[in-house]
Structure formats: structure tokens, C-alpha cells
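The sequence and the coordinates are shown first.

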Amino acid sequence: MCPGSFDPVTNGHLDVIERAAGLFDEVVVAVAGNPAKKSLFTVPERVGLIEQSLSGLPNVRVATVPGGLLVDFCRQVEAVAVVKGLRGGTDFAYELPMALMNRHLSGVETVFLPGEPRFEHVSSSLIKEVAAHGGDVSGLVPEHVLARLLARVGRVGQTENGQPDAAG
């Protein structure tokens, strides 16, 4: 299981999910709502964007976490491990206590995959902030996600670098 809020899904997320798909027979991408975060996309929108991004991987499916503990959802889908990508030491410090608690509660192990270095600086929160202020985030999210992101932050009619397009 690869859990996250994926608001929006980034190329860093997709790198980790694709590599997990090479390690496991089946990967469930578990999309969770996070009431502590102000979401740009609804959970169903995020599910659709991820499904479109991963349509070429037959052993990956996307599901919505119904709430509650992640380990309960792991039991429900019979996940043997939680896969988390790490961009650096800060991610490890944040993820380790959750991994240990998940193992304590259910015996489910967490597998940490190092993130692709070219995406080390990429987070969904930073992508949203940069896009909203006119910065170029092309190459950091899939093209179909970029189009939806620019539309959502009010940059319709602009190219990725913030310049007016021929129609705008």
C-alpha cells in the first residue's frame, strides 16, 4: 500500500509507486483526505488524476481510505506492507514513528524507498504554492495534472512559465 493525500499527485509520488509496483504483486494507492490540510482537489478528483497517471500499470489500483487508522485499511485490503518514499532525513524523522506505531498496532511493516534525487525538492504543498504564484512547475507533475492544477489556481490561459498563451 502506498498511502498519501496526493493533493496533487507529483512525479515523485509516481516514481515511488512505479518502483513499488516492480516489487509487489499488487499495489494499492490509498488516497486519504486530511482534515488538517486545505485540499485543492477533492478525494474523487485526486483518485481520477492518479488513475490516469498510472493507467499503464496493471498491478496498481487506487482506493479511497474511508477514514480511521491506516492499519485498519491495510487489513481490509490485505496489504502486507506500507511503502513510503523518502526525500531526505526530515521525511525519515517524520515517517519512522508512524511506521513503528503501525507495526505495533498490526504487525504491518513499512518499506522505505529513497526518492529519485531529481524530485527531492518536490512536495504537493510546494507545487500548489509555486503554481498559485505563477512559478513553473512543469516536469514536476504529469501534464494532465498540470493542466488541472493551473486551472484550479486560476492560471487558465497561461503557459507553464506564466506567460499568456496565444489564446489568453
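Which side chain meets that of Glu95 in a salt bridge? The partner is Lys84, at 3.5 Å from N to O; a salt bridge here is a side-chain nitrogen of Lys or Arg within 4 Å of a carboxyl oxygen of Asp or Glu. Glu95 belongs to helix 4 (residues 89–106) and Lys84 to strand 4 (residues 81–86), so the contact ties together parts that are 11 residues apart in sequence. Helices (H or I, at least four residues) and strands (E, at least two) are DSSP runs, numbered from the N terminus. Both Glu95 and Lys84 are buried, where buried means under 20% relative accessible area, exposed over 50% and partly exposed in between (1.4 Å probe, protein chains only).

The model is predicted: local features need pLDDT of at least 70 and side-chain atom pairs count only at pLDDT 80 or more, while totals for chains, interfaces and linings use all residues. Residues are numbered from 1 along each chain as its sequence is written, and side-chain values use heavy atoms, with hydrogens and water left out.

In total, the structure holds 11 salt bridges. One of them joins the side chains of Asp7 and Lys128 at 2.9 Å, N to O. Asp7 sits in the loop between strand 1 (2–4) and helix 1 (11–23), and Lys128 in helix 5 (residues 124–132), so this pair ties together parts that are 121 residues apart in sequence. Asp7 is buried, at 4% relative accessible area, and Lys128 is likewise buried, at 17%. Together with Arg46, Asp7 and Lys128 are linked in a network of salt bridges.

A further salt bridge is formed by the side chains of Glu116 and Arg118, at 3.8 Å from N to O. Glu116 is partly exposed, at 31% relative accessibility, whereas Arg118 is exposed, at 57%.
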